[in-house]
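Here are my notes for you on this one, written for someone opening it for the first time. Keep the viewer open and follow along point by point.

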Amino acid sequence: MPLRLDNESELREAQAALFNSNSQSGWLLLNYVGPSTLHFEAGGEGGPEEIVPLLEADQIQYAVVRVNVPGQGLESTSRDVFLGYTGPEVGIIERGKKTIHYGDAKELLQPHHAEVTVRNKDQLNVETLIERSNPEASNKEI
């Protein structure tokens with residue numbers, strides 16, 4: 001069954017604010033509201049720490065987070081990172097059913113520079129996200 005988004009206009013509005021060239025940080029979060037229906041749940045202007053309380057142990061959720069990456073010298077850049085989160089209480093059958101939606105969720109949350117899998121939400125912070133989203137990083141999991 002194809003993935004559906006039930007409130008696309010709200011998501012597009014939040015994406016326009018997040019991907020604004022003046023934005024240095026921010027995030028968007030999608031939750032399932034049915035077997036193959038996603039819902040734009042929330043967005044914010046802060047860092048990845050703001051998402052942590054919204055990640056639910058019994059849910060699979062998707063997000064994109066903008067982080068400010070310090071550069072050499074005075075310049076810094078922003079990096080948009082796609083997050084796929086699977087809570088520890090999600091059953092194996094549920095994981096299997098929703099695995100097919102991963103690519104569609106990534107497409108909904110374009111553009112992004114990297115993707116990171118989140119298994120331990122307590123370790124989700126700016127430093128870890130910058131490290132794991134680095135193109136040269138071998139470990140893309142938190």
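Predicted model: local features only at pLDDT ≥ 70, side-chain atom pairs only at ≥ 80, totals over all residues.

1. Let's begin with the salt bridges. How many salt bridges does the count come to? The count comes to six salt bridges. I'll walk you through some of them in the next points.

2. Take E94 and K98, which form a salt bridge with their closest N and O atoms 2.4 Å apart. Both belong to helix α2, which runs over residues 92–99. Because E94 and K98 are four residues apart in that helix, about one helical turn separates them. As for cover, E94 is partly exposed, at a relative accessible area of 29%, whereas K98 is buried, at 10%. So K98 falls under the 20% cut-off for buried, with its relative accessible area of 10%.

3. Next, have a look at K106 and E115, whose side chains meet in a salt bridge at 2.6 Å, N to O. Are these two buried or partly exposed? K106 counts as partly exposed at 21% relative accessibility, and E115 counts as partly exposed at 31%. K106 turns up again in point 7, through its backbone oxygen.

4. R132 deserves a point to itself. You'll find R132 in helix α4, residues 126–133, and R132 is buried, with a relative accessible area of 16%. R132 forms a salt bridge with E131, where the closest N and O atoms are 3.3 Å apart. E131 counts as partly exposed at 47% relative accessibility. And which backbone oxygen does the side chain of R132 reach? That of E141, at 2.5 Å.

5. A105 sits in helix α3, residues 102–108, and is buried, with a relative accessible area of 0%. Along the chain A105 and R132 are 27 residues apart, and 20 Å separates their C-alpha atoms.

6. Now the loop between α3 and β6, where β6 covers 114–118. P111 lies in this loop, and a cis peptide bond joins Q110 and P111, with omega at about -5°. For context, most peptide bonds are trans. H112 also has its place in the loop between α3 and β6. H112 is buried, with a relative accessible area of 17%, and the side chain of H112 reaches the backbone oxygen of K106 at 3.3 Å.

7. Over to Y62, in strand β4, residues 60–70. Y62 counts as buried at 2% relative accessibility. What does the side chain of Y62 make a polar contact with? The partner is the side chain of Y32, at 3.0 Å.

8. For another sequence-versus-space check, go to G26. G26 is found in strand β2, residues 26–34, and is buried, with a relative accessible area of 0%.

9. Last, the surface. E41, E56, D58 and E89 gather there in a patch of negative charge. Of these, E41 is found in strand β3, residues 37–44. E41 counts as partly exposed, at 41% relative accessibility. A patch residue needs over 30% relative accessible area and no salt bridge, so the 41% of E41 clears the area part of that cut-off.

Technical notes. Residues numbered from 1 in each chain as written. Heavy atoms only, no water. Patch = residues over 30% accessible without salt bridge, like charges linked within 9 Å, V, L, I, M, F, W, Y side chains within 5 Å. Areas by Shrake-Rupley, 256 points an atom, 1.4 Å probe, with all protein chains shown as cover. Salt bridge = Lys/Arg side-chain N within 4 Å of Asp/Glu carboxyl O. Lys, Arg positive; Asp, Glu negative; His and termini not counted. Charge placed at Lys NZ, Arg CZ, Asp CG, Glu CD. Helix = DSSP H or I, 4+ residues; strand = E, 2+ residues; numbered from the N terminus. Buried < 20%, exposed > 50% of the residue type's maximum accessible area, 1.4 Å probe, protein only. Polar contact = N/O pair within 3.5 Å; in protein donor to acceptor, adjacent residues only side chain to side chain.
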